[in-house]
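Please read this briefing with the structure open beside it. It is arranged by topic.

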Amino acid sequence: RVCLLPSCLFTSVLVRVNACASVCWTECGATMSGFWKRNGKRVLLGTAALAAAGALAWYGYVTWWDVEEEAKQEEENDPRPRNGTTSGSESTTTTRTENTTRVSKALEDENVKQHFQSIQKISDHTTLPSILPQLRQQLLAQVDLDKLTDTLQKARNGQLDITHEKKLELWNQVKVLSFVRTMASVWAVCLLNLLLRVQLNILGRRLYLDTALGEDRNVPGVPEPLTQLVQHQYLSHADYFPKRGIQILVAKMTQAVEGVIATVDLQHPTDMTELMEYISTVCAAFVESMRPEEWLEMLFPPPLPPEDSLDRPVGAEPLSSDVAMLDAMVSETRSILGSAEFSELMGPVAREAAGMVVAHLPHLYGGPDPQPLPFVKLVPAVAGITTLFLDHPMACTQSLTGLPQVQEFCISVYAAVGPLSPPWPTSSGRPYE
């Protein structure tokens with residue numbers, strides 16, 4: 001089947017790449033999000049790369065069909081009785097585990113693996129860096145330390161006369177906000193990375209399907225090819241978190257920090273172990289305060305009415321198929337981000353986020369026999385870590401994506417494993433269910 005692949009498939013991919021690279025932004029209308037005005041070229045090049053990688057993955061796609069068909073035949077030939085004695089949750093867990101195992105087997109094929117890895121690289125090296133400057137600006141504006149530190153500096157230099165009680169109040173505010181800013185920054189990078197991986201894996205899977213099927217749309221359950229307008233509008237949803245969602249993150253993180261740090265005396269002798277415990281406790285408190293639906297509210301915009309879901313040139317009516325495709329992709333994304341699986345993923349992410357912060361603190365103590373330091377001396381150092389995460393996110397990204405739980409989660413999104421899975425065609429041409 002692979003050797004008989006028609007050349008028109010590669011031609012269609014080249015057309016897609018050229019179209020993405022040369023698209024004219026005015027066609028998308030004057031109302032296109034500011035995100036696209038700033039970062040559209042970079043993200044479109046990433047989208048084009050997804051489509052191109054889809055052609056390389058064709059052989060793996062056929063292999064995937066074979067894996068599914070083989071698994072289905074094994075299930076039909078399994079002599080074990082199916083009497084339905086397991087509970088619903090046990091059955092769901094078993095199905096999810098079996099599906100993930102099948103996907104992992106398919107990813108053993110080098111071409112499928114390359115396609116999947118290309119999506120993760122585009123997320124880390126193209127899309128994430130294009131959105132981070134806006135995220136950085138919004139976060140630092142939300143947690144502004146400059147006014148407080150300027151006031152304290154003027155009081156220290158004798159330029160401003162304030163009482164001891166007022167100075168202590170300002171220092172306590174700086175203490176809390178320093179931890180809020182640093183903890184929010186590492187979490188913002190982690191959450192943005194996960195959001196982009198969800199979106200790009202969904203988009204990559206759809207482009208993969210378009211490339212594999214080419215012009216053959218007679219397979220039941222297979223949607224129409226994605227248009228550029230749908231791709232643009234779908235990815236522009238990532239603009240919501242830096243603009244709106246970051247406010248929710250800061251508010252929630254402030255509550256978590258105040259519950260742990262607010263009562264710590266500024267002169268309290270604090271050793272490395274105790275500081276690590278503070279940071280770990282803040283991360284745990286933040287996660288515990290979040291309900292599954294709140295992760296969704298933080299990361300993704302609420303759904304719009306179908307007639308308003310697509311930005312388009314003035315006077316132009318969207319195709320009903322475009323509206324349906326965008327609605328389907330947005331609905332799937334919202335279901336994933338609001339799922340119990342995504343919420344459970346935050347536990348390992350919290351431990352990793354705490355470790356990222358702690359990794360930058362040992363130099364404060366120094367020497368072979370480090371002694372405890374007054375907590376007030378640790379506050380400026382904690383605040384200074386913020387820029388390390390926002391300006392140099394790759395170390396944070398590598399730590400996060402190295403987690404087995406995150407890798408498995410990304411694979412499941414890419415393969416649409418679970419109850420939200422679309423019917424993937426088998427080699428027989430019928431949907432596999």
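Which side chain meets that of aspartate 239 in a salt bridge? The side chain of lysine 243 does, at 3.2 Å from N to O; a salt bridge is a side-chain nitrogen of Lys or Arg within 4 Å of a carboxyl oxygen of Asp or Glu. This is a predicted model, in which local features need pLDDT of at least 70, side-chain atom pairs count only at pLDDT 80 or more, and totals for chains, interfaces and linings use all residues. Residues are numbered from 1 along each chain as its sequence is written, and side-chain values use heavy atoms, with hydrogens and water left out.

**Salt bridges**

- The structure holds seven salt bridges.
- In the pair above, aspartate 239 is buried at 4% relative accessibility, while lysine 243 is partly exposed at 33%. Buried means under 20% relative accessible area, exposed over 50%, and partly exposed in between, with a 1.4 Å probe and protein chains only.
- Arginine 136 and aspartate 391 form a salt bridge through their side chains, at 2.6 Å from N to O. Arginine 136 lies in helix α5 (residues 110-142) and aspartate 391 in helix α15 (residues 386-391), so this pair ties together parts that are 255 residues apart in sequence. Helices are DSSP runs of H or I with at least four residues, numbered from the N terminus.
- Arginine 136 is partly exposed at 27% relative accessibility, and aspartate 391 is partly exposed at 37%.

**Around arginine 291**

- Arginine 291 sits in the loop between α10 (272-288) and α11 (292-299), and its relative accessibility of 44% makes it partly exposed.
- The closest N and O atoms of its salt bridge with glutamate 294 are 3.7 Å apart. Glutamate 294 is buried, with a relative accessible area of 11%.
- Salt bridges with shared partners join Lys252, Arg291, Glu293 and Glu294 into one network.
- The side chains of arginine 291 and glutamate 293 also make a polar contact of 2.7 Å. A polar contact is a pair of N or O atoms within 3.5 Å; within protein, one must be able to donate a hydrogen and the other to accept it, and residues adjacent in sequence count only if both atoms are side-chain atoms.

**Helix α7**

- Arginine 181 lies in helix α7 (residues 164-213). Arginine 181 is buried but has no salt bridge, and the nearest side chain of opposite charge, aspartate 146, is 5.4 Å away. For charge, Lys and Arg count as positive and Asp and Glu as negative, while His and the chain ends are not counted.
- Serine 178 is also found in helix α7 and is buried at 1% relative accessibility. Its side chain reaches the backbone oxygen of valine 174 at 2.7 Å.
- Not counting residues up to four places away in sequence, serine 178 touches Leu145, Val379, Val382 and Ala383; contact means heavy atoms within 4.5 Å.

**Nonpolar core and cysteines**

- The largest nonpolar core has 99 residues, and those touching the most other members are Trp187, Phe241, Leu249, Met253, Phe286 and Met346. Helix α7 gives the most to this core, with 23 residues. Such a core is a set of buried Ala, Val, Leu, Ile, Met, Phe, Trp, Tyr and Cys residues joined through side-chain atoms within 4.5 Å.
- The structure holds zero disulfides, a disulfide being a pair of cysteine sulfur atoms within 2.5 Å. For cysteine 396, the nearest cysteine sulfur is that of cysteine 190, 3.8 Å away.

Notes: Helix = DSSP H or I, 4+ residues; strand = E, 2+ residues; numbered from the N terminus.
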